[in-house]
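Trainee: I would like to learn how to read a model of this kind feature by feature. Could you take me through it slowly, giving the general idea before each case?

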Amino acid sequence: MRLVVDLNRCQGYAQCAFLAPDVFAMHGDESLLYNPEAAAEQREDVARAVAACPVGAILLELTDEDMANIGSQDAVAGAGAGSGGSR
């Protein structure tokens, strides 16, 4: 997963730093520091941070490997699920 932050758009609300502190951090009052190559283990926190940005300054790019992992996790989660009740 790759992150790109439009630092011209970022207003320093720091929602991302609260939700994914291992990836985003505020430096001073308005300067954002971030890891553009966040680890796969951070995917859920990063997704929450992207969604919480009030100005939409964070772009999350998923790699082919990320997409493969998402597909395999969905398959595992769906394994054993029944057809959904009786009539």
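**Reading the core, the hairpin and the cysteines**

Mentor: The largest nonpolar core has 17 residues, and those that touch the most other members are Leu3, Val23, Phe24 and Ile58. A nonpolar core here is a set of buried Ala, Val, Leu, Ile, Met, Phe, Trp, Tyr and Cys residues joined through side-chain atoms within 4.5 Å. The elements that give two or more residues to this core are β1 (2-5), α1 (15-19) and α2 (43-52). In soluble globular proteins, nonpolar side chains tend to be buried together. Please keep in mind that this is a predicted model, in which local features need pLDDT of at least 70 and side-chain atom pairs count only at pLDDT 80 or more, while totals for chains, interfaces and linings use all residues. Residues are numbered from 1 along each chain as its sequence is written, and side-chain values use heavy atoms, with hydrogens and water left out.

Trainee: Which pattern does the protein follow when read along the sequence?

Mentor: Helices (H or I, at least four residues) and strands (E, at least two) are DSSP runs, numbered from the N terminus. The protein has three helices and four strands, and along the sequence they follow the pattern β-α-β-β-α-β-α.

Trainee: How do strands β2 and β3 pair?

Mentor: Two strands pair if DSSP finds at least two bridges between them. Strand β2 (residues 24-27) and strand β3 (residues 31-34) pair in the antiparallel sense over four bridges, with Ala25 standing opposite Leu33 in β3. The two strands form a hairpin with three residues between them, and Gly28 in the turn has a positive phi of about 80 degrees.

Trainee: How many aromatic pairs does the structure hold?

Mentor: Rings of Phe, Tyr and Trp (its six-membered ring) pair if their centres lie within 6.5 Å; planes under 30 degrees apart count as stacked, over 60 as edge-to-face and the rest as tilted. The structure holds one aromatic pair: the rings of Phe24 and Tyr34 have centres 6.3 Å apart and planes at 25 degrees, so the pair is stacked. Phe24 lies in strand β2 and Tyr34 in strand β3, ten residues apart.

Trainee: Is Phe24 buried or exposed?

Mentor: Buried means under 20% relative accessible area, exposed over 50%, and partly exposed in between (1.4 Å probe, protein chains only). Phe24 is buried, because its relative accessible area is 1%, whereas Tyr34, at 26%, counts as partly exposed.

Trainee: Where is Gln42, and which residues is Gln42 in contact with?

Mentor: Contact means heavy atoms within 4.5 Å. Gln42 sits in the loop between β3 and α2 and counts as buried because its relative accessibility is 15%. Leaving aside neighbours within four places in sequence, Gln42 is in contact with Met1, Asp22 and Val23.

Trainee: How many disulfides does a search of the whole structure find?

Mentor: A disulfide is a covalent bond between the sulfur atoms of two cysteines, and the test applied is a pair of cysteine sulfur atoms within 2.5 Å. The search of the whole structure finds zero disulfides. For Cys10, the nearest cysteine sulfur is that of Cys16, 6.3 Å away; for Cys53, the nearest is that of Cys10, 6.4 Å away.
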